[in-house]
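The sequence and structure come first, and the description follows.

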Amino acid sequence: MSPRSASVNEELRRRSRERLLQATVDLVGERGYETTTLADIADRAGAARGLVSYYFPGKHQLLQSAVHRLMHRTLDEALRREPRTDDGRELLARAIDAVIGLAVHRPVLMRAHMSGVLQAEGFVQCPEQQRLAALLRGAVERYGSAAPAADYPLLRAQLMGAVFAIVLPGAPMAPELLRSELFQRYGLEWELGVPPGALPPRRDTP
């Protein structure tokens with residue numbers, strides 16, 4: 001096989017995988033995890049059923065990769081949006097708002113993702129997750145962390161906790177309150193990022 005043919009085949013495989021990931025995000029967001037089958041995903045992506053198994057061991061891994069891709073793309077867009085900035089505090093605020101925004105606007109999808117993370121198979125270390133991790137760690141570094149290797153996992157855990165609290169059935173927490181807590185923790189001004197209102201929410205005092 002010529003180098004050009006190999007390059008073309010690699011691009012075709014990349015596009016097929018991307019279509020499967022996008023179809024997963026769309027269908028799980030519309031129908032939920034349990035009622036979405038691998039055959040449904042293959043049909044939506046215009047791919048053969050066997051292609052899903054070629055790229056992913058199962059639906060659990062496929063969903064996590066699909067959501068990590070969505071999170072990476074959403075976060076990347078937030079960090080690059082105009083006006084562009086190199087201010088580490090603004091970048092961290094945008095990162096927090098991007099993740100909270102996904103929980104607010106894609107609750108069915110993010111609920112399914114969080115449920116999958118808590119199952120026995122656990123957290124999937126996939127290329128999409130690694131790209132997401134690089135963006136988040138980069139935001140922590142630009143913020144000025146002296147120990148990003150330790151601070152990045154802490155930020156990730158806090159964001160996962162915020163997502164879980166927002167999408168928790170029956171007892172969701174207000175995203176504004178969670179945003180306020182995270183911004184206070186990192187010493188960020190309320191007007192940074194994409195604030196949901198002019199003022200932070202009031203907190204009940206004992």
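## The largest pocket

The lining of the largest pocket draws at least two residues from each of α4, α5 (88-105) and α9 (175-185), where helices (H or I, at least four residues) are DSSP runs numbered from the N terminus. The model is predicted, so that local features need pLDDT of at least 70 and side-chain atom pairs count only at pLDDT 80 or more, while totals for chains, interfaces and linings use all residues. Residues are numbered from 1 along each chain as its sequence is written, and side-chain values use heavy atoms, with hydrogens and water left out.

α5 provides the largest share of this lining, eight residues, and the pocket holds about 380 Å³ of space. Of the 16 residues that line the largest pocket, Asp-97, Ile-100, Gly-101, His-105 and Val-194 are the closest to its centre. On a 1 Å grid over the protein atoms alone, a pocket is an open set of points with protein on both sides within 12 Å along at least five of seven lines, a cavity is a set where a 1.4 Å probe fits but cannot get out, and lining residues have an atom within 4 Å of a point.

## The second largest pocket

About 200 Å³ of space lies in the second largest pocket, to whose lining α4 and α7 each supply at least two residues, with α7 giving the most, four residues. Among the lining residues are Asp-76, Leu-79, Leu-135 and Arg-142. By class, this lining has four nonpolar, two polar and five charged residues, with Ala, Val, Leu, Ile, Met, Phe, Trp, Tyr, Cys and Pro counted as nonpolar, Asp, Glu, Lys and Arg as charged, and the others, Gly among them, as polar.

## The cavity

The structure holds one cavity of 30 Å³ or more, and the volume of the largest cavity is about 170 Å³. Of its 16 lining residues, Met-71, His-113, Leu-132, Arg-156 and Met-160 are the closest to its centre. α8 (148-167) gives the most to this lining, with five residues, and by class the lining has 12 nonpolar, three polar and one charged residues.

## Packing of α4 and α7

The axes of α4 and α7, lines fitted to C-alpha atoms over the stretch in contact, come within 8 Å and cross at roughly 30 degrees. The two helices are therefore roughly parallel to each other, a term for angles under 35 degrees. Residues of α4 including Met-71, Asp-76 and Leu-79 meet residues of α7 including Leu-132 and Leu-135, contact meaning heavy atoms within 4.5 Å.

How values were computed: Grid points are joined across faces, edges and corners, and a volume is the space filled by probe spheres set on the points. Axes are lines fitted to C-alpha atoms, for helices over the stretch in contact, and angles run from 0 to 180 degrees between N-to-C directions. Angles under 35 degrees count as roughly parallel, over 145 as roughly antiparallel, 65 to 115 as roughly perpendicular and the rest as oblique.
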